[in-house]
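My entries are below, in the order I made them.

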Amino acid sequence: MDMLSDAILSRRDDLIRLTQDLIRIPTLNPPGQHYRDICEYLEAQLTPKGFECELVRATGTPGDSQKYPRWNLIARRQGERPGECVHFNSHHDVVEVGNGWTRDPFGAEYDAEEDRIYGRGSCDMKGGLAASIIAAEAFVETCPDFAGSIEISATADEETGGYGGVAFLAEQGYYADVQHVIIPEPLHKDRICLGHRGVWWAEIETHGRIAHGSMPFLGDSAIRHMGAVLAEMEETLWPLLAGKRTEMPVIPDGARSSTLNINSIHGGEPDLGPDFTGLPAPCVPDRCRITIDRRFLIEEDLAEVKREITALMERVRARRPTFRYEIRDLFEVIPSMTERDAPVVRTTAAAIERVLGIQAGYVVSPGTYDQKHIDRIGKLHNCIAYGPGVLEMAHQPDEWIGVEDMLDSSRVMGLVLTDLLTVKQ
Ligand SMILES: [Zn+2]
């Protein structure tokens, strides 16, 4: 433990440099830029350390093209003896920069006073990726005769569903020989994230009939129909969802209930844009569409979640003779939650206690991340998110990662490797 901790702490400058280099490769998604560059950079870092690297393009997945190929990197370090495989998975893509920055988003500035590195993707999650690499390197150096294997993957498109990343690799069987997965997402260095809630996105459309706006009684307003849907949601659905509480330790507390967001609403004639200087035409809207984002709990069933909406639409229909509607599924994810007594959870909790001297907290993420693909496609239920950084910093302007946090969580990860790859012989 001490030798390993020392080996990690002595790599502080390497850790800062590695994090900075990763931030300076602007892997923006969408559209999916510089994916090959970041994979080649990591290959050049890890190959001299004895990792066998493989670059895998997720050909044909959403967004994959000649211009924006979906590249992934898998690095593998084989031990001296047979044993289990511990796999660290980080996504290498970052979200758009947005407004409000006071630092260069891709400058990766290290502020010595604050001991932080600034930049898009620093917290979510290039800092976590760098921490896992340093942990693996230090472990291999201090314990060269370990059993089993260590894998580090840097994967594409987590921010847009992960189909060109972990989902693709899982479908290709890359998780078939993996026993433990740690995803170093920024969940705080003292917390273990066991999983996430489920998701159902759908588009609901109400139909009407177009007519002249001066004689609306000759048409049928799709917007008024949608208004009735929204009123019914206010009266019956939101109170119902707020009352459903989960045993999952979801953070923040508001997300321990079922939630529903309406992401968008469109009705009537299209928006003609800021350059258009004319007046709108008087028409009764014949279409109105909303996109809903329903997050559900492990206690709920997706079919039941969908039936709730259909039942609501039917209640509205019973009161409105000309009411017609359609519901189209857009996206769905089943909730995922690793058991607290799963080996990777127990080992990480013990390591947090030893490194930080405090009990590990257990949380569940309100939104999904790549665990869904490892769980459903990879059929591996021994997976957690654990990594440095403040979750609230993700996707924000002036995003940063604390160097001390990275070092601490790197020591936790190193200890997990020790427990899983050396204790059992
Ligand atoms: Zn992330």
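**Ground rules.** I number residues from 1 along each chain as its sequence is written. The model is predicted, and local features need pLDDT of at least 70, side-chain atom pairs count only at pLDDT 80 or more, while totals for chains, interfaces and linings use all residues. I take helices (H or I, at least four residues) and strands (E, at least two) as DSSP runs, numbered from the N terminus.

**Three-stranded sheet.** I looked up the strand order of an open sheet of three strands and found β4-β5-β16, with antiparallel pairing. Two strands pair if DSSP finds at least two bridges between them. β4 (110-111) and β16 (400-402) are the edge strands, each pairing on one side only. Between β4 and β5 (residues 116-118) I find two bridges in the antiparallel sense, and Asp111 has Arg116 in β5 as its bridge partner. Helix α2 (residues 12-23) packs on this sheet and touches β4, β5 and β16, its direction making about 15 degrees with that of β5. Helix α4 (residues 122-142) lies across β5 and β16 and runs at about 40 degrees to β16. For such angles, axes are lines fitted to C-alpha atoms, for helices over the stretch in contact, and angles run from 0 to 180 degrees between N-to-C directions.

**Ser122.** I next checked Ser122, which is found in helix α4. Leaving out residues up to four places away in sequence, Ser122 touches Thr19, Ile23, Ile117, Gly127, Glu399, Trp400 and Ile401. Contact here requires C-beta atoms, placed from the backbone, to lie within 7 Å. I also noted that the C-alpha atoms of Ser122 and Val94 are separated by 9.1 Å, the two residues being 28 apart along the chain.

**Strand β6.** Eight of the nine residues of β6 (residues 147-155) are buried, so I describe this strand as largely enclosed by the rest of the structure. β6 pairs with β2 (residues 71-78) in the antiparallel sense over six bridges, and Ile74 has Ser153 in β6 as bridge partner. With β3 (residues 81-91) the pairing of β6 is parallel, over eight bridges, and Val86 stands opposite Ile150.

**Strand β11.** Strand β9 (residues 198-207) runs antiparallel to β11 (residues 287-296), joined by 10 bridges; Glu205 stands opposite Arg289. β10 (residues 259-267) also pairs with β11 in the antiparallel sense, over eight bridges, with Gly267 opposite Cys288.

**Helices α6 and α7.** I found α6 (residues 222-242) and α7 (residues 302-319) packed at an angle of about 120 degrees, with axes 10 Å apart. That makes α6 oblique to α7, since angles under 35 degrees count as roughly parallel, over 145 as roughly antiparallel, 65 to 115 as roughly perpendicular and the rest as oblique. On the α6 side, Ala228, Val229, Glu232, Met233, Thr236 and Leu237 meet Leu312, Met313, Arg315 and Val316 of α7.

Definitions and conventions:
Contact = placed C-beta atoms within 7 Å. Buried ≥ 20, exposed ≤ 12 C-beta atoms within 10 Å, placed from the backbone.
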